[in-house]
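This briefing goes through one structure by topic. Please have the sequence and the coordinates open while reading.

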Amino acid sequence: MRTAGKPLSRSTREEGEHFIRCPVCGKMLEMRDLGEVLDHLHGQEIEEEPTRH
């Protein structure tokens, strides 16, 4: 039976699967929040993947 607004075959993830511990300072980061991740780079540069045109 279908439930409105719910995907049919997607499994529910545990909330903890969305967090990682920063290897530099040990703070827990929510990986779903791009702003939080980008603010927490500790001066590291992000490698960009080459694009095809």
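This is a predicted model: local features need pLDDT of at least 70, side-chain atom pairs count only at pLDDT 80 or more; totals for chains, interfaces and linings use all residues.

Which side chain meets that of E30 in a salt bridge? The side chain of R32 does, with 2.8 Å from N to O.

**Fold and surface**

- The protein chain contains one helix and two strands, and along the sequence these follow the pattern β-β-α.
- Strand β1 spans 19-21, strand β2 spans 28-30, and helix α1 spans 34-39.
- Of the 53 residues in the protein chain, 9% are buried.
- The protein chain exposes about 5500 Å², and carbon and sulfur atoms account for 49% of that area.
- Taking contacts between residues at least 6 apart in sequence, 0% join residues at least 24 apart.

**Salt bridges**

- The count of salt bridges comes to two.
- One of them joins R32 to E15, where the closest N and O atoms are 2.5 Å apart. R32 sits in the loop between β2 and α1, while E15 sits in the segment before β1, so this pair ties together parts that are 17 residues apart in sequence.
- Side chains of opposite charge can pair when their charged atoms come close.
- R32 is partly exposed at 44% relative accessibility, E15 is partly exposed at 48%, and E30 is partly exposed at 22%.

**Cysteines**

- How many disulfides does a search of the whole structure find? The search finds zero.
- A disulfide is a covalent bond between the sulfur atoms of two cysteines.
- For C22, the closest cysteine sulfur belongs to C25 and is 3.8 Å away, which is too far for a bond, because the cut-off for a disulfide is 2.5 Å.
- Seen from C25, the closest cysteine sulfur is that of C22, again at 3.8 Å and too far for a bond.
- Is C22 buried or exposed? C22 is buried, with a relative accessibility of 7%.
- C25, in turn, is partly exposed at 45% relative accessibility.

**Histidines after the helix**

- H40 lies in the segment after α1, and its relative accessible area of 15% makes it buried.
- Which residues does H40 contact, leaving aside its neighbours within four places in sequence? H40 is in contact with C22, C25, K27 and L29.
- The phi of H42 is near 55°, a positive value in a residue other than glycine.
- Most residues other than glycine have a negative phi.

**R21 in strand β1**

- R21 belongs to strand β1 and is exposed, with a relative accessible area of 54%.
- Apart from its neighbours within four places in sequence, R21 is in contact with G26, K27 and M28.
- How far is the side chain of R21 from the backbone oxygen of G26? The side chain of R21 reaches that backbone oxygen at 2.6 Å.

**Nonpolar surface patch**

- L34, L38 and I46 form a nonpolar patch on the surface, and together they have about 290 Å² of accessible area.
- I46 comes from the segment after α1.
- I46 is exposed, with a relative accessible area of 51%, and it is above the exposure cut-off because exposed means over 50%.

Conventions. Residues are numbered from 1 along each chain as its sequence is written. Side-chain values use heavy atoms; hydrogens and water are left out. Patches are made of residues with over 30% relative accessible area and no salt bridge: like charges are joined within 9 Å, nonpolar side chains (Val, Leu, Ile, Met, Phe, Trp, Tyr) within 5 Å. Accessible areas come from the Shrake-Rupley method with a 1.4 Å probe; for residues, only the protein chains shown count as cover. A salt bridge is a side-chain nitrogen of Lys or Arg within 4 Å of a carboxyl oxygen of Asp or Glu. Helices (H or I, at least four residues) and strands (E, at least two) are DSSP runs, numbered from the N terminus. Buried means under 20% relative accessible area, exposed over 50%, partly exposed in between (1.4 Å probe, protein chains only). Contact means heavy atoms within 4.5 Å. A polar contact is a pair of N or O atoms within 3.5 Å; within protein, one must be able to donate a hydrogen and the other to accept it, and residues adjacent in sequence count only if both atoms are side-chain atoms.
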